[in-house]
Every structure is written in structure tokens, then in C-alpha cells.
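Okay, thanks everyone, let's get going. Have a look at it first.

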Amino acid sequence: MDGRGYVESLGRMKTIVYIDGETVVDYWDHPALRPAVNALAATYDLAARPDLDKEIHDLILSDSHLTGGKINRFLHIVLSREDLLARMRLQRAMMRYTGGCFGGRCVAGAVINALWSVTYEVDRASGGRTEYHRRFADYMKMCQERDLAVSGNITDAKGDRSRPPHAQADPDLFLRVVERRRDGIVVNGAKLQQSGAPMAHERLVVPTTALGPRDEDYAVAFAVPGDAEGVIHVNDSACSNAKFTAMEPQDIGNVTYGMHQSAHVIFDHVFVPWDRVFLCGEWQATRDLVHRFSDFQRFASSACRCGYIDLCMGTAAAMADYNGVAGKSHIQDKLIDMSIDAETLQGLVAGSAALASPTPSGVYLPDSLTVNAAKLFMNEAILKAGQRLADVGGGILVTRPSSRDLKIPKVGELLAKYHQGREGVDVEDRLKMARLAETLSGLSAPTTILSVIAAGPPATQRLNFRLLTDFAGKRRAAERLAGITKTP
Ligand SMILES: Cc1cc2nc3c(=O)[nH]c(=O)nc-3n(C[C@H](O)[C@H](O)[C@H](O)COP(=O)(O)OP(=O)(O)OC[C@H]3O[C@@H](n4cnc5c(N)ncnc54)[C@H](O)[C@@H]3O)c2cc1C
């Protein structure tokens with residue numbers, strides 16, 4: 001499918017989606033979801049069209065060992081260290097292309113590869129009594145042949161976090177099997193905060209935590225189409241996404257793709273036929289399953305954020321130029337620090353791929369300690385990138401006038417005059433880039449950017465240290481200790 005084909009395929013489904021209190025039939029065209037749909041559609045367009053971005057096109061297509069044909073890499077089984085590295089490069093390049101989540105396709109990849117390896121081992125241990133792996137292989141082949149988008153659904157409601165599933169006041173706070181039938185199972189529960197869930201064709205569901213013997217009913221993995229009876233999606237209500245329904249497109253900042261959308265997926269007594277059940281009661285397998293998809297997800301998200309820091313760097317470089325300070329040493333230092341972080345992060349991700357180990361199924365697992373170090377490094381690096389971007393860009397990130405303000409007779413012209421940056425830079429370009437910078441920085445709350453930039457940017461406080469610190473006196477103290485009596 002290309003992007004258009006993908007969107008048309010959503011129209012043939014009967015997915016139930018609520019947005020801000022209402023059911024929406026053509027949800028893919030709703031402003032509260034459209035940018036997220038566009039980003040997922042981009043994963044189809046980039047696979048279908050080499051002219052859009054040759055690097056991504058080459059990375060996003062891979063050879064399937066199931067179909068023998070070309071497939072989208074997000075559905076690929078990771079069978080080598082090179083596969084892991086290709087996935088790393090794809091995540092980084094895709095994020096640089098969209099500047100936002102591309103439909104949570106990485107989560108699906110994490111779940112797919114973890115399930116592929118664990119179902120193989122469960123079947124082997126059962127001595128042929130179970131056939132989960134064959135079912136899952138059939139399912140994956142179908143997804144690859146039909147080029148379906150899969151949403152990996154992990155996070156349960158969890159209730160009281162200190163209690164295991166069976167000890168919750170409400171047994172449905174972790175998704176569970178409520179009925180076993182001859183033709184399949186019935187499941188009940190919810191998976192909360194699912195990236196891209198309404199926009200994917202399939203829901204691939206696994207437990208959120210390692211389980212014990214008393215949690216057997218919760219040890220269930222399965223797949224259902226997004227429009228299966230009883231599946232309900234409620235779109236998230238992130239404040240930062242509200243701008244997509246409230247503001248003029250040119251005021252939004254990455255209006256095409258820049259939305260991280262997630263949804264709560266409620267499974268209200270959903271029937272799953274046996275050929276789509278991939279674990280049912282094997283609580284012993286859940287420890288490996290959770291460990292593996294977590295590591296795969298840390299791998300993908302860390303690689304993706306390298307691309308995010310790339311964009312923060314590019315946006316900071318543009319803002320610095322528009323403001324006429326591109327050549328200043330403290331600005332250059334911030335850009336260099338961002339670049340160091342992006343490459344260090346990629347180095348950790350690549351290291352986890354280089355040290356990856358194979359499972360009996362052939363799936364390669366990234367080295368656990370290295371990939372966890374990557375994820376922890378990423379947590380800090382992404383916040384620092386946002387802070388550096390705000391520092392370089394200035395207060396205009398949160399204070400810029402709206403495009404409607406710029407149309408006020410006379411006042412609009414005055415606003416444009418006073419928002420001019422370096423000579424030769426179009427004022428509208430500076431305003432657009434400022435809004436992108438605000439979006440990427442993640443510091444949309446004015447108090448946060450205010451804290452970074454107001455009362456003078458950090459470089460001015462550093463300047464005071466240069467001016468006011470008695471460096472000569474401190475040098476004399478050091479020379480005295482070293483026995484130097486004469487300053488040269
Ligand atoms: C934008 C977004 C997109 C997401 N996309 C997906 C997705 O696509 N698929 C998916 O499955 N999930 C997704 N998630 C969910 C994500 O994986 C969870 O947010 C994460 O696992 C944490 O769970 P929680 O939000 O319930 O936090 P909590 O579990 O409530 O954690 C809050 C705090 O409590 C602590 N805590 C929790 N339990 C314990 C305990 N037993 N002992 C000690 N401390 C504890 C934690 O360490 C943490 O500090 C997404 C989340 C977000 C925000």
C-alpha cells in the first residue's frame with residue numbers, strides 16, 4: 001500500500017473511536033488525529049516511492065523470510081545484527097523525516113520479535129502440545145502479505161501498582177481471559193496509552209508484566225483486528241495536541257506530522273479465535289516476553305530520539321542564523337553538545353546491536369545492559385536538547401504572535417517589524433521556525449522556557465561569572481601553594 005491506500009483501508013474498517021467525548025467515524029480525517037495518521041501514512045509512502053527519500057526507502061524495505069518478497073521493515077523479524085542496525089538507522093531517519101511518532105510502529109516491532117522468539121521456545125518446551133509459534137508465523141505472514149499496520153498493546157490499567165493482577169480489587173485491571181471456548185477465548189480488560197492504536201489495522205496484545213502461577217488467566221497473547229466486536233478506542237487528550245484543533249495551521253509547528261497520538265483501547269469481552277491466540281496460561285514465559293519486548297522497545301525509541309536530537313540541532317541552527325548569532329561560540333557549543341549526545345546515543349544503540357545474541361528461534365536480542373544504558377542516556381539527552389534549543393532560540397518560542405495577530409490592520413505590520421531578526425530573513429519564516437522550536441523543545445509551558453531564557457539567557461549569567469570572579473586572586477593562591485613567587 002501507499003499512504004493513500006493505507007488511509008482508504010482504514011475507511012473500510014468499522015473501528016470505534018471516541019475523540020473528546022464523541023464517536024467519530026472518519027477519525028483519520030479529524031484534526032485531533034490527522035497529523036498522526038499522516039505520519040503513519042508516511043511509512044507507507046516512503047516504502048512505495050523512492051523519490052520521496054531514497055535513504056529511507058532503501059532502509060524501510062526488507063526481504064521477508066516468510067513471504068519471500070519485499071515487506072515493510074516494521075513487520076520484519078530481526079534475524080541478524082545487520083537487521084538490528086538497519087532498524088536503528090530507519091528509526092533515526094524516520095524521526096528526522098516526521099519529527100514525531102510514526103504510528104507506534106516501533107512498539108509493534110518490539111512485540112512481534114519478542115513473541116516470535118518466546119512462542120518458539122514455549123512450543124519447544126511443551127514437546128508439541130502447543131502450536132503458538134506456527135499460529136504466530138501464519139499471522140505474521142498474513143500481516144506482511146497484506147502490508148498491515150500493527151499496534152503493539154502492552155500497558156494494562158494496573159490499578160494499585162503494588163499488587164499483582166490477581167490481587168487487584170477489580171480483576172479486569174489487567175487484561176485477562178474470562179472464558180475458554182471450543183473455538184477460542186473471550187478476553188476482558190484495557191490497554192491504556194497505546195501509540196497509534198486507532199490508526200493501525202491490527203491490535204497485537206501481550207501482558208505488561210512478568211506473571212506468577214496465580215496470574216495464569218492474565219498470561220495471554222493474541223491479535224484481533226482493530227474493528228473486532230467489543231474493541232473501543234478513546235483518543236488521548238494531551239494538552240499539547242489541542243492546538244491541532246484550535247489554531248491556524250501555520251501557527252502549529254510541524255502541522256503535517258507533529259503529533260504524538262495515543263489511545264486507550266478497551267477490550268469489552270472480545271472473542272479471539274484460537275488461530276489468533278499466541279499464549280494462553282503460560283505464565284512462566286512472561287518474564288522473557290516482557291524482558292525482550294522492553295529491550296526491543298528501548299532499542300527502537302533510543303534510535304528514534306537520535307533523529308529527534310538531529311531535528312532539535314537543525315532547528316537551533318536555523319534560529320541562531322535567523323537571530324544573527326550563528327557564529328557565537330556559546331551557540332556553537334550548544335549545537336556541538338547536541339551532536340555529541342546524538343552520536344553517543346547512537347553509539348550505545350549500535351553497541352547493543354553489535355553485542356546482540358541469537359535466540360533459538362533465530363531472533364537477535366540487543367544486548368540488555370547496553371540498550372538499557374542507551375535508554376537512560378536518551379532520557380537525559382532529549383531533555384537537554386530541548387533546553388539547549390530553547391536557550392538558542394529565545395523567548396520567541398513561546399511568545400510569538402499568532403498569524404491572526406499579524407493580520408490586524410496596522411498593528412500586524414508593526415508586529416512584523418518588531419519580530420524581524422537578521423536582515424534578509426523573512427519574518428514569517430522566523431516565526432514558523434520559532435513555533436517548530438517550541439514544539440520540538442517540549443517546553444511549551446511558558447514557565448519552563450521562561451526559566452531557561454528570561455531574566456537573560458544563560459550565557460549572560462555565565463558572562464557575569466567571567467566579569468565578577470576574581471580569577472587573578474585564585475591564581476595567586478594556586479601559585480603560592482606551588483611555591484611560585486613571581487607571576488610571569
Ligand atoms: C505518549 C505515550 C505513548 C505510549 N505508547 C504506548 C504503546 O504504544 N504501547 C504500550 O503498551 N504502552 C504505551 N505507553 C505506556 C508506557 O509504556 C507506560 O506509560 C509506562 O510503562 C509506565 O506506565 P504508567 O504510565 O502506568 O506509569 P506507572 O506504572 O503508574 O508509573 C509511575 C511511577 O510509579 C512507579 N511504579 C509503578 N509501579 C511500581 C511498583 N510496583 N513498585 C515501585 N514503583 C512502581 C514507576 O517506577 C513510576 O516512577 C505510552 C505512554 C505514553 C506516555
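This is a predicted model: local features need pLDDT of at least 70, side-chain atom pairs count only at pLDDT 80 or more; totals for chains, interfaces and linings use all residues.

Helices are DSSP runs of H or I with at least four residues, strands are E runs of at least two, and the numbering starts at the N terminus. The crossing of H8 and H13 is left-handed, and that term means the near helix is turned anticlockwise from the far one by less than a right angle, with clockwise being right-handed.

Who makes the contact (heavy atoms within 4.5 Å)? On the H8 side we've got Tyr-308, Leu-311, Cys-312, Thr-315, Ala-318, Met-319 and Tyr-322, and H13 brings in residues including Arg-430, Met-433 and Leu-440. The residues of this contact split into eleven nonpolar, two polar and two charged.

Residues are numbered from 1 along each chain as its sequence is written, and side-chain values use heavy atoms, with hydrogens and water left out.

The rule is a side-chain nitrogen of Lys or Arg within 4 Å of a carboxyl oxygen of Asp or Glu, and by it the count comes to 32. Take Lys-334 and Asp-391, whose side chains meet at 3.6 Å, N to O. Lys-334 sits in helix H9 (residues 329-354) and Asp-391 in helix H10 (residues 368-393), so this pair ties together parts that are 57 residues apart in sequence. Buried or exposed? Both Lys-334 and Asp-391 are buried, where buried means under 20% relative accessible area, exposed means over 50%, and partly exposed is in between, using a 1.4 Å probe and protein chains only.

Compare that with Arg-475 and Glu-479, with their closest N and O atoms 2.9 Å apart. These two both lie in helix H16, residues 471-482, four residues apart, about one turn of the helix. Arg-475 is partly exposed at 45%, while Glu-479 is buried at 11%. Then there's Arg-181 with Glu-179, at 3.3 Å, N to O; Arg-181 is partly exposed at 37%, and Glu-179 is partly exposed at 37%. And there's a network of salt bridges linking Glu-55, Arg-92, Arg-96, Asp-310 and Glu-343.

Skipping neighbours within four places in sequence, Asp-341 is in contact with Phe-377, Ala-381, Lys-384 and Arg-388.

Last bit: how many disulfides are there? Zero in the whole structure, counting a pair of cysteine sulfur atoms within 2.5 Å. The Cys-106 sulfur has its closest cysteine sulfur in Cys-101, 6.0 Å away, which is too far for a bond. Cys-304 isn't in a disulfide either, with the nearest cysteine sulfur, that of Cys-106, 6.4 Å away. Cys-106 is buried at 14%, and Cys-304 is buried at 5%.

That's me done, over to you.

Definitions and conventions: Contact means heavy atoms within 4.5 Å. Ala, Val, Leu, Ile, Met, Phe, Trp, Tyr, Cys and Pro count as nonpolar, Asp, Glu, Lys and Arg as charged, and the others, Gly among them, as polar.
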